[in-house]
Amino acid sequence: MALKLRRLSNALGVEVCDADVSKPMSEAAFGEIYQAFLNYGILLLRNQDITREQHIEFSRRFGELDRHDALPRDRHPKHPELLLVTNEPNPDGTPSDSRYTGRQWHSDMSFTTTPSLGSLLRSHVIPEVGGDTLFANMTMAYETLSDGMKELIADLHGIHMSGTRKIANEATGTVRAAEQKRINPPVAQPVVRVHPETGRKALYLGEKVSRFDGMTEEESKPLIDYLNRHATRPEFVYRHQWRKHDIVVWDNRCTMHQALGDFDETQRRHMERTTVLGTPSGYVVAA
Ligand code: OGA
Ligand code: MN
């Protein structure tokens, strides 16, 4: 059966029309979805009014799921496979710790030595307007660099740090950042990553990268800033406007993303994410 696909932008992303992940799906049918995921970097599945168990079960088809030991504060209390991205206050009334998750360009779990293959984010509650997410195609970003730049960055490793949020929860931000740094020491990742399935090279950077291994921050920053700016040029980006019960699946090996926070924060935004484990990449460095 041929899937009905609708492109989301010139750079990346495709909507799988008429998908229903609550129904049993054959290996062949899932294979077509997985191929679209590899081809377009992002999948959108609309109107998935499903249970948490169904979200988890569908996600498992992409691979083994992360139980989020690297992000213990943000797990769903009953389902460790679900990571909350929510501004709904905690049961005791204190502000949620995950309200500012993703507000910088990043690829999920890049600060670990088994960075994620892909993530499946589902919208439960969305604000009236805004709360959009940006996605960038890092394969395109790499391929559009000059030969000179490709040569210059070929063997560089970027040091990815956890606990580097630009905006943090007033109440728990500092404690959380310290805790994140303790659980997750800095990890060096290749700046040019070869996609383990497609074999294509992609830039692997983002705003969690502080410096290149073997170089100072001062030396590294201009090039990191340039590459991040280049990678997030509008022509490499898709901006997702959420509807309730959307599932967006992204390939963390060749895309990065950012939550914009372009909404009225007195309104509720509640998202839940599963994270598919990837293959080993990078090495731990001394802080
Ligand atoms: C994430 C993330 C972005 C958003 O769930 O990994 O970065 O818009 N979320 O909520
Ligand atoms: Mn993320």
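In these exercises, Ala, Val, Leu, Ile, Met, Phe, Trp, Tyr, Cys and Pro count as nonpolar, Asp, Glu, Lys and Arg as charged, and the others, Gly among them, as polar. The structure is a predicted model.

**Exercise 1.** Sort the shell around ligand 1 by residue class.

*Solution.* Begin with the residues that surround ligand 1, which are V85, G102, H106, D108, L121, T133, W250, H257, A259, R269 and R273. Then apply the classes given above, and the shell divides into four nonpolar, four polar and three charged residues.

**Exercise 2.** Find the polar side-chain atoms of T133, R269 and R273 that lie by ligand 1, and state how much of the ligand the protein covers.

*Solution.* Take the residues in turn: a polar side-chain atom of T133 lies 2.6 Å from an oxygen atom of ligand 1, one of R269 lies 2.8 Å from an oxygen atom of the ligand, and one of R273 lies 2.5 Å from such an oxygen atom. The protein covers 100% of the 290 Å² of accessible area that ligand 1 has on its own, and the ligand sits in the largest cavity.

**Exercise 3.** Identify the protein donors of the manganese ion (ligand 2), and decide whether H106 and D108 are buried or exposed.

*Solution.* The donors are H106 (NE2), D108 (OD) and H257 (NE2), at 2.1 to 2.2 Å from the ion, and their spacing along the chain is H-x1-D-x148-H. Because buried means under 20% relative accessible area, H106 at 8% counts as buried, and D108 at 2% also counts as buried.

Key: Residues numbered from 1 in each chain as written. Chains lettered and ligands numbered in written order. Predicted model: local features only at pLDDT ≥ 70, side-chain atom pairs only at ≥ 80, totals over all residues. Heavy atoms only, no water. Donors = N, O, S within 2.8 Å, 3.2 Å for Na, K, Ca; no water. Buried < 20%, exposed > 50% of the residue type's maximum accessible area, 1.4 Å probe, protein only. Near = heavy atom within 4 Å. Polar contact = N/O pair within 3.5 Å; in protein donor to acceptor, adjacent residues only side chain to side chain. Areas by Shrake-Rupley, 256 points an atom, 1.4 Å probe, with all protein chains shown as cover. 1 Å grid on protein atoms, 1.4 Å probe; cavity = no way out; pocket = protein on both sides within 12 Å on 5 of 7 lines; lining within 4 Å. Sits in = over half its atoms within 2 Å of the grid points.
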